[in-house]
Amino acid sequence: MQSVIDMTDLHLKLRAARQYAKLTQEQIAGRFNITRNAVTQWEAKDPESRTRPDLARLEVLCGLTGAPLDW
C-alpha cells in the first residue's frame, strides 16, 4: 500500500484524470478561481515550468474527477 503521492508523474495523472472526467482546464480553473494557465502549469511536461496543486486542491480534484488521492 502506497501512502505517499508519487510527485514525479503527478502532472500526467492530473491531465489523465481531468480528461477522463471530460473537464477542461478552464473548468478546473473556474472551480478554484484561478487562471487556466495555473492549471496548465500543473500539467506541464517541462519540469522547470511545472507547479503542483496543494493537498487541499488535490483532494477537490479527486472529487471532481473521481480519481483516488493515492493514485
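**Helix H2 and its buried side**

Q: Which residues of H2 are buried?
A: In this predicted model, the buried residues in H2 are Gln25, Ile28, Ala29 and Phe32.

Q: How do they sit around the helix axis?
A: Looking down the axis of H2, the buried residues fall within an arc of 100 degrees, so they line one face of the helix.

Q: And what does the face turned away from the buried side carry?
A: Glu26 and Gly30, which are exposed.

Q: What covers the buried residues of H2?
A: The cover includes helix H1 (10–20), helix H3 (36–42) and helix H4 (55–65).

Q: Take glutamine 25. Why does that one count as buried?
A: Its relative accessibility is 15%, and buried means under 20%.

Q: Which residues is it in contact with, leaving aside neighbours within four places in sequence?
A: Glutamine 25 is in contact with Arg18, Arg36, Val39, Thr40 and Glu43.

Q: Now alanine 29. Buried or exposed?
A: Alanine 29 is buried, with a relative accessible area of 1%.

Q: What does it touch, not counting residues up to four places away?
A: Alanine 29 touches Ile34, Thr35, Arg36 and Val39. Arg36 and Val39 are also among the contacts of glutamine 25.

Q: How far is alanine 29 from threonine 40 in space?
A: The C-alpha to C-alpha distance is 9.4 Å, and the two are 11 residues apart in sequence.

Note on methods. Residues are numbered from 1 along each chain as its sequence is written. This is a predicted model: local features need pLDDT of at least 70, side-chain atom pairs count only at pLDDT 80 or more; totals for chains, interfaces and linings use all residues. Side-chain values use heavy atoms; hydrogens and water are left out. Buried means under 20% relative accessible area, exposed over 50%, partly exposed in between (1.4 Å probe, protein chains only). Contact means heavy atoms within 4.5 Å. Helices (H or I, at least four residues) and strands (E, at least two) are DSSP runs, numbered from the N terminus. The arc is that of the directions from the helix axis to the C-beta atoms.
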